[in-house]
Amino acid sequence: MNQSALDPHGPVARTILDLGWVLFSVTVVVYVLVLAGLAWALLRQRRESDRTPAADRRFTSIVAALTGVTTLTLVGLVAVSEVSGRALAVPHAIRPVAVDVVGHQWWWEFRYRDENDPSKLVTSPNELHIPVGVPIVMRAMSQDVIHSFWVPNLTGKRDLIPGQVTTTWMQADTAGIYRGQCAEFCGPSHAKMAFLVVAEPVDKFQSWIQHQREPAGVPTTAPAAQGRDLFLSRQCTLCHAIQGTPAGARLGPDLTHVGSRMTIAAGTLANERDPLDAWVENAPSIKPGVRMPPHMLESSEREAVVAYLRSLQ
Amino acid sequence: MTDEALHRQLADTWYNPAGLVGRLSIVDHKVIARRYIVTAFTFFSIAGVLAALMRLQLAFPDNHFLTADQYNQFFTVHGTAMMFLFAVPVMEAMGVYLVPIMIGTRAIAFPRLNAYSYYVYLFGGVMLFTALFVNSGPDVGWFSYVPLAGPDFGPGKRPDFWAQLITFTEVAGLAVAVELAATILKTRAPGMTVSRIPLFVWAMLVMAFMVIFAMPSVVLSSTFLLLDRLVGTQFYNPAEGGDALLWQHLFWFFGHPEVYIIFVPALGMVSSIIATFTGRPIFGYPAMVSSLVATGFIGFGLWVHHMFATGLPQLGLTYFTAASMIISIPSGVQIFCWIVSLWRGQPRYATPLLFVLGFVAIFVLGGLTGVTLASTPFDLQVHDTYYVVAHFHYVLLGGAVFPLIGGVYFWFPKMTGRMLDERLGKWNFWIFFIGFNTTFFPQHLLGLHGMPRRVYTYPASSGWGTLNLISTAGAMLLAMGGLLLLFNVLRSVRRGAVAPADPWGGEGLEWTVPSPPPAYNFLHVPVVEGRSGNWDRRGNEAPPVVTGIKADCREVLITTVTAAEADHKTIYPDPSIWPFLCSVVTSAFFIGSIFTPWALPVAIPPLAITLIGWFWPKRSDRSTQCDLANNRLEPLRGEA
């Protein structure tokens, strides 16, 4: 699982890690020196001359000098930190990819806006696809409580705060799948509010987003068709949307292409038949506090709905 | 009058009543402080058990030992109790016990307020843990961020219990801070000029002022929260023009100084212990005092470093980065002075000094990770991860609890008249030290490997399992260390060696009075001639004392703020049940207002009655001679 600040795959995380190594080196040296000083103070041979005023004057100079060195070191660290901070400012790239990151209890909504054509809006819950080598400029916001967006391999945290919109960015330099997780306590299932960042070559990203803009496919098998009818006639449509069908609610994640995603339940379960079945049967037993009610469908009905959802590629 | 007769008369004047009502009426600062300390350590133990349960849950990935709901209540109550019910009160309590006997006075200022503050604190703690035991414990973190803690997302009464606990501890904490500040500024023994105040007392003074300036901010924020929840105000609701970040600014403007409120008294304990166990005063007194005071000021300029990820402007963040780094300068100065003190003295490795040396090793590491956290970009990666959990346990457990336990070993003989067992003490230290580092060091690495805080579980694929298991094993060792301390205390209270007045060859005035001290503290109020109250009197057959303070009433000498010259005398109140009754009414009001705003009007009449009873002027037989008009100063013998 890729979720480590020590393994950067983009300029933001790399700048921070480089800074981290500077901080680490300085602090290790200071720590070793302080403990060595302490050990020396305890273990040395005592002498009569230690108790003279001259000795105290010498100590005063030593403490003053050490304080001076400490101050200079800290000034240096503030400067290094400031230089790194400036390097993290949002870049003025010609054509960045713009994404809105919206936090919900306990899932993520990534909205890709098209500046020229609002109808081309794409919503991808819990899976953020990005092209490699292109800055991603993100507007951070929240629908309910405070969450924090964090992909350790790519970038540090940005809080998603209700009533505020802030801008941040990141970029992946190597293709890969990176895991992110909410970093601000947001209620019972805070621990299970994860997402995946899929960094892929630009052309692959373009075809992904093209595909996401299409409405849901029409079911081709009998169980899937039965599942669609159940989905549209039961409570599912109160919260979920599937483009190309009458289901258009926005309380829960958009399911138009749910079958194409790697995980369900915000990075909690693999997107396979059994976990999906368990999720539809009793979601709160898997993610405490989640709003999807349990036991809505008979097991045969559930099988059909799961078949339908899995067909939504 | 002979010393024997004087003792009898003083003991009669400063009596501590017996019986149930009598015990609840006691205003002796030492008795109240002892209750405070025992209560605080009880809450510490419960909060520690919660921590152990959380560590068991996290020992393995996808564990089902605790549910999410239990875990969230536990981590909230653990943090809340450790900060508000243990760390601050226990530090204040050490001050309540020790400050009067360190500065040479008969009692703490405002003794009835002191008793009141204890009961309010006790009832607040009982309320919090009762709420937890009936499954209504707060579950939104000790920081209670809105809107999660607000009316829309925090249903039920759980966040209200948290907010009212804050009210309880604010009232108690502010009361004690005011007592300590008044005691230190106005009742020091003659001769204890500002440049002779013991470092421990300086630390307490800085802490008291920090409480006085920091607490109002959390009073405001928690009151806004209660109002939002109870009567529908919209302080924190962005949809109605409120602001979710307002909470964070108000909370951390208190919350960061809070860390120093806990840590500064511990620095005072370290200085006391190092001086005594090296046999020489701490090197660099002016630098030490300036550092404490500087910490008190700079501590108020760092709060935004808890909010680096909220998206505030870069220039503003740079200021807080710089301020957060600068605060390590005064800490560094103190570390340097202590090392010099150890260098030029003759260390005796008794248990208190071991805990202090452990403190240096742990605290310096915690301080250095603090420097890394001050850097905004670096913080963005480690903020709200286990790296931060490791950092603040290094500075709080290592920086405050290690000196505190050292202080317990150091002052236990003074408080109880019995020595703690030294052999058990050394075991206690090593188990604690190894357990602590095993628990918390791996958490730095967990944070860097991407493990966020406040998660009740984590997937096996994360690879965090091994380090978490090591951490849990360390926590069990730490718990054993705690049990060993408890065992040592319980055994020594009954069967420990009897302690003389000065078992360690201690530096301060507290070692000139018997162990445990009599209710009136000093038979003769001393006149101070230097910084080392006890050592300055060595070999002096008749050290200078103050005369002319009445023994047949609770008369206390008031001195000037800086020069500590005798100024006038005042009469301290007798024991009274009214502070206790007042605290009962106050507590009923606080708890009632969780449920209805009517608690306020209903509580006002009984509150007024108890306050009238409290302040009712009394002329008992005992106090007929005790008239404030009579406080003319008689000549002081032996003043320099």
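Residues are numbered from 1 along each chain as its sequence is written, while chains are lettered from A and ligands numbered from 1 in the order in which they are written. As the model is predicted, local features need pLDDT of at least 70 and side-chain atom pairs count only at pLDDT 80 or more, whereas totals for chains, interfaces and linings use all residues.

**Exercise 1. A helix pair in chain B**

Describe how helix α8 (residues 244-278) of chain B packs with helix α14 (residues 386-416) of chain B.

Step 1: start with the geometry. The two helices meet at an angle of about 45°, and their axes are 9 Å apart. Helices are DSSP runs of H or I with at least four residues, strands are runs of E with at least two, and both are numbered from the N terminus. Axes are lines fitted to C-alpha atoms, for helices over the stretch in contact, and angles run from 0 to 180 degrees between N-to-C directions.

Step 2: name the arrangement. With that angle, α8(B) is oblique to α14(B); under 35 degrees counts as roughly parallel, over 145 as roughly antiparallel, 65 to 115 as roughly perpendicular and the rest as oblique.

Step 3: turn to the residues. α8(B) contributes B:I262, B:F263, B:A266, B:M269, B:V270 and B:I273 to the contact, and among those from α14(B) are B:G399, B:A400 and B:F410. Contact means C-beta atoms, placed from the backbone, within 7 Å.

Step 4: sort them by class. The contact has 12 nonpolar, 3 polar and no charged residues. Ala, Val, Leu, Ile, Met, Phe, Trp, Tyr, Cys and Pro count as nonpolar, Asp, Glu, Lys and Arg as charged, and the others, Gly among them, as polar.

**Exercise 2. A sheet in chain A**

Step 1: read the order. This open sheet of 3 strands has mixed pairing, where strands pair if DSSP finds at least two bridges between them.

Step 2: look at one pair. β9(A) and β10 (residues 194-200) of chain A run antiparallel, joined by 6 bridges, and A:G176 stands opposite A:A199.

**Exercise 3. Where the chains meet**

Characterise the side of chain A that touches chain B.

Step 1: count. 62 residues of chain A are in contact with 66 residues of chain B.

Step 2: locate. α1 (11-43), α2 (53-87) and β7 (155-160) of chain A each give two or more residues.

Step 3: classify. The chain A side divides into 34 nonpolar, 20 polar and 8 charged residues.

Technical notes
Two residues are in contact if their C-beta atoms, placed from the backbone, lie within 7 Å.
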